[in-house]
Amino acid sequence: MLNKLVTWSIIVIAVSVIGNRQSSTQQTASDNPLSWNLLVPDSASLARGWEFPRDPRVDTTGLSPQVALQVLRGFLLFTDTYAQAERFAGGKVTCNHCHPNGGQREKALPLVGVDKVFPEYNPRSGRLFTLEERIVGCMLRSINATGRMNQHVVLHHENELDGATLSPVSGEIQDLAAYIRWLSWNRDIDSTLPWRGQNTLPASARIPLEKLDSRLGQQLFLEKCANCHGEDGQGMFIGDKRPGPLWGPESWNDGAGAARTYTLAGFILNWMPYMNPGSLTSEEAQHIAAYITSQPRPHFPYQDQDYLTAKIPVDAVYYKKLYSQNPLSKK
Ligand code: HEC
Ligand code: HEC
């Protein structure tokens with residue numbers, strides 16, 4: 001265990017030196033048509049988990065001091081959410097847990113340039129979302145802000161943000177949006193983002209949910225994931241990182257995108273296990289995702305306000321009780 005820790009610390013130090021050197025070189029999307037040089041490649045292991053191609057702690061050249069400070073605050077909120085956004089964080093998950101390398105990793109929900117595609121229609125809410133409203137969504141669900149609901153923190157569904165403490169104008173949301181906008185700032189990026197949506201499980205690879213075996217998923221989890229996420233899925237410290245918790249009261253809630261089986265499988269397939277990404281078959285990733293999404297997690301109290309104008313996706317397994325009430329989802 002001690003050996004392991006020493007190895008991790010050496011990796012962390014080496015990575016931060018290399019990472020700092022790399023981030024000082026300016027790159028534009030036009031240097032490389034696929035722009036992978038803006039992102040950490042999907043083949044990179046945990047050894048590069050501390051690398052940020054753009055890192056506001058190192059370089060905010062060109063920004064006014066005020067904006068630089070806001071971007072830096074956004075970065076800290078992103079990577080250390082439950083300490084920095086304490087009033088909204090209902091558990092122990094950070095934005096960086098699902099958007100690794102500060103939202104700058106290939107095929108792991110990268111956020112570079114997403115500011116260019118918003119406002120965008122959001123089927124779950126049935127209306128256009130700005131970037132800030134989209135971030136409110138991840139805060140309410142993935143960060144489980146609704147788990148913090150109390151007399152000081154007033155929260156609503158994304159469609160009723162008036163009078164809520166968590167809204168597009170909350171300081172935390174503005175800072176997070178400033179950080180995300182800065183990832184594409186001064187770069188030749190338009191709304192056609194070749195790296196967007198690349199970790200979605202293709203429809204042709206999907207195994208029908210009833211054929212997924214969560215017991216097999218559990219076996220695979222114990223074999224390939226538990227050494228970092230713990231047998232109980234609650235994570236353990238690796239240097240300053242604590243992966244997971246993948247379920248239980250400190251995890252994302254049952255209204256989150258990551259609580260959907262195929263969404264989670266696509267994500268696992270392209271990124272985990274972190275020492276050897278790309279080593280899972282799509283079948284294995286789906287059985288594991290079925291296991292993780294069969295576990296208890298915090299409840300999102302506004303589920304009945306979701307999907308009012310769209311069919312509930314089949315893999316939104318925590319919405320099962322609502323299928324029969326949803327006119328578009330009734331079989
Ligand atoms: C538990 C995993 C998880 C966490 C934690 C999380 N997200 Fe997300 N995020 C997702 C998933 C999955 C999507 C893709 C859409 C979906 O299916 O919901 C997404 C989408 C997004 C998008 C839209 C990207 C696009 O291409 O449309 C933004 C912006 C975003 N997240 C920001 C954040 C921020 C900021 C935080 C922290 C406050 C955060 N996310 C925390 C899982 C997560
Ligand atoms: C070598 C260690 C390691 C292994 C093995 C590993 N993970 Fe991870 N995983 C991590 C770390 C570290 C993070 C957090 C990334 C960060 O904060 O930058 C993470 C993040 C995740 C996330 C994002 C949500 C969260 O709460 O962290 C999921 C989902 C996930 N891993 C699933 C899996 C699955 C499934 C397996 C097995 C197939 C697996 N992991 C194997 C280290 C590992």
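Helix 7 (171-184) is mostly covered, with 11 of its 14 residues buried. A residue counts as buried if 20 or more other C-beta atoms, placed from the backbone, lie within 10 Å of its own; 12 or fewer make it exposed, and values in between make it partly exposed. Helices are DSSP runs of H or I of at least four residues, numbered from the N terminus. The model is predicted: local features need pLDDT of at least 70, side-chain atom pairs count only at pLDDT 80 or more, and totals for chains, interfaces and linings use all residues. Residues are numbered from 1 along each chain as its sequence is written, while chains are lettered from A and ligands numbered from 1 in the order in which they are written.

The buried residues of helix 7 include E172, L176 and W182. They pack against helix 2 (65-79), helix 5 (100-103) and helix 6, where contact requires C-beta atoms, placed from the backbone, within 7 Å. N186 follows helix 7 and has a positive phi, near 65°.

Helix 7 also supplies at least two residues of the shell around ligand 1, as do helix 4 (95-98) and helix 6 (131-141). The largest share, four residues, comes from helix 6. In total, 23 residues surround ligand 1, and C95, C98, C138, S142 and G257 are the closest. Each has its C-beta atom, placed from the backbone, within 6 Å of the ligand.

G248 sits in the loop between helix 9 (226-229) and helix 10 (261-269). G248 is partly exposed because 16 other C-beta atoms lie within 10 Å. Leaving aside residues up to four places away in sequence, G248 touches G233, Q234, P296 and R297.

Conventions. Contact = placed C-beta atoms within 7 Å.
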